[in-house]
Amino acid sequence: MKSGKWMIYGANGYTGELIARQAVKDGLTPVLAGRNKEAVEKLATELGLESRVFALDHAGVVADSLDGMELVLHCAGPFLLTSKQMVEGCLTAGAHYLDITGEIGVFEIIHSPKMSERAAEKGIVLCPGVGFDVIPTDCTAHKLKELMPDAVELALGFHSKSGMSPGTTKTMIHGLSKGSAERRDGKIVTFPMGSKKRMIDFGRGARSATAIPWGDVSTAYHTTKIPTISTWIPMPEKNIRNARVMSFFGPVLGTKPVQKQLLKWVDKKVSGPDEQTRSTSPSFVWGEAKAADGRTKTVRLQTANGYDLTVYGSLEMVRRILGRDLPSGSFTPAGLFGSGLVEALPGSGAFEVEE
């Protein structure tokens, strides 16, 4: 289906609205959608766009609501709770699926051989993670694989100070009981938060860092086939120790009563970074590949703020997919368009390679 029509679902959320407003500035005309009728229709009226209101509770309703769409950009998380319904709707409607998730579980489902085969049969692209999660780190992984084809270990990390949106905060809360994760010899394994640390220079000097369960634990493997992958963020030593202590309370933090109270707190207290904060908070991405004989290759990259990069990255992916004849199936952003994808985005520099 090449209708040229596309949808932003979750357009009334923090990131969805940023994307919708930039899309209009860029001359694009997405259909805005979500379950909140008042908020979706208000934004659509302001921007002069078509709107559709539907929930994701029933597969048939979702598929019918996607009628005429060539592509859906799904922005309503936590995606572990919402992506399955939207993916199924896209498979039924024959619409390409993009989302801005960073959740390992979602990536593993969408990149499974069975799901990729279903997408190929329908002639559509399934490409989760088209924002800061995970375009810059995925492109870094791709670049390192180009530089060191025989790499057996890959470490990726990023540093950003912009703060978090309500959706990102809720996703983190849902994952409080799960701990951290890495890929080891091709398999994803979990371990307590704060239990792994190292020194990393993200571009502003060496800093203590801790391992986190970032989406590249899944996506970088599908992009590069490197068997051992870890993901990192900078964190003061004291905070790393505190994270280790908090990991012992994971089972309690994952209970429904605690989750309910934490999510209520987000609704009341978290609003997301404003434009001034985003414009003055660039992100720094780091990656290191290691060969079996101990050789290493390091690359660094500076990009726009994470939320701004999500806006630029998701819209660039929309432009590159709409109306194009592309291979069908499940793809990572770099797997579909190569490591140069991130360098084409506003606010991003070129890769710096450390020999």
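This briefing walks through the cores, strands, helices and salt bridges of the structure above.

The model is predicted, so local features need pLDDT of at least 70 and side-chain atom pairs count only at pLDDT 80 or more, while totals for chains, interfaces and linings use all residues. Residues are numbered from 1 along each chain as its sequence is written, and side-chain values use heavy atoms, with hydrogens and water left out. Helices (H or I, at least four residues) and strands (E, at least two) are DSSP runs, numbered from the N terminus.

**Nonpolar cores**

- A nonpolar core is a set of buried Ala, Val, Leu, Ile, Met, Phe, Trp, Tyr and Cys residues joined through side-chain atoms within 4.5 Å; buried means under 20% relative accessible area, exposed over 50%, and partly exposed in between (1.4 Å probe, protein chains only).
- The largest core holds 87 residues, and Trp-6, Leu-32 and Met-86 have the most contacts inside it.
- Helix 14 (residues 306–321) supplies the largest share of this core, with seven residues.
- Apart from this core lies another one of nine residues, among them Phe-191, Ala-211, Trp-232 and Phe-284.
- Beyond its neighbours within four places in sequence, Met-86 is in contact (heavy atoms within 4.5 Å) with Tyr-9, Phe-54, Leu-56, Val-62, Leu-66, Val-72, His-74 and Tyr-97.

**Strands around strand 13**

- Strand 13 (residues 283–291) is mostly covered, since eight of its nine residues are buried.
- Two strands pair if DSSP finds at least two bridges between them.
- Strand 7 (residues 151–159) runs antiparallel to strand 13, and eight bridges join them.
- Strand 14 also pairs with strand 13 in the antiparallel sense, over eight bridges.
- Val-285 is a handy residue to look for: Phe-158 has Val-285 as its bridge partner in strand 13, and Val-285 stands opposite Leu-301 in strand 14.
- Four residues separate strand 13 and strand 14 in a hairpin, and Gly-294 in the turn has a positive phi of about 95 degrees.

**Two helices**

- Helix 7 (residues 135–147) has 13 residues and should span 18 Å at 1.5 Å a residue, which agrees with its end C-alpha atoms being 18 Å apart; the expected span is 1.5 Å times one less than the number of residues.
- The buried residues in helix 7 include Ile-135, Pro-136, Cys-139 and Leu-144.
- Helix 9 (residues 216–224) is mostly covered, with seven of its nine residues buried; among them are Asp-216, Val-217 and Thr-224.

**Salt bridges**

- A salt bridge is a side-chain nitrogen of Lys or Arg within 4 Å of a carboxyl oxygen of Asp or Glu, and a search of the whole structure finds 18 of them.
- Glu-182 forms one with Arg-184, with the closest N and O atoms 2.5 Å apart.
- Because its relative accessibility is 9%, Glu-182 counts as buried, whereas Arg-184 counts as partly exposed at 39%.
- Lys-196 and Glu-182 also meet in a salt bridge, at 2.7 Å from N to O.
- This pair links distant parts of the chain, 14 residues apart: Lys-196 is in the loop between strand 9 (187–191) and strand 10 (197–201), and Glu-182 is in strand 8 (residues 180–184).
- The side chains of Arg-300 and Asp-201 meet in a salt bridge at 3.9 Å from N to O.
- Arg-300 counts as buried because its relative accessibility is 16%, while Asp-201, at 27%, counts as partly exposed.
- Asp-26, Glu-316, Arg-319 and Arg-320 are linked in a network of salt bridges.
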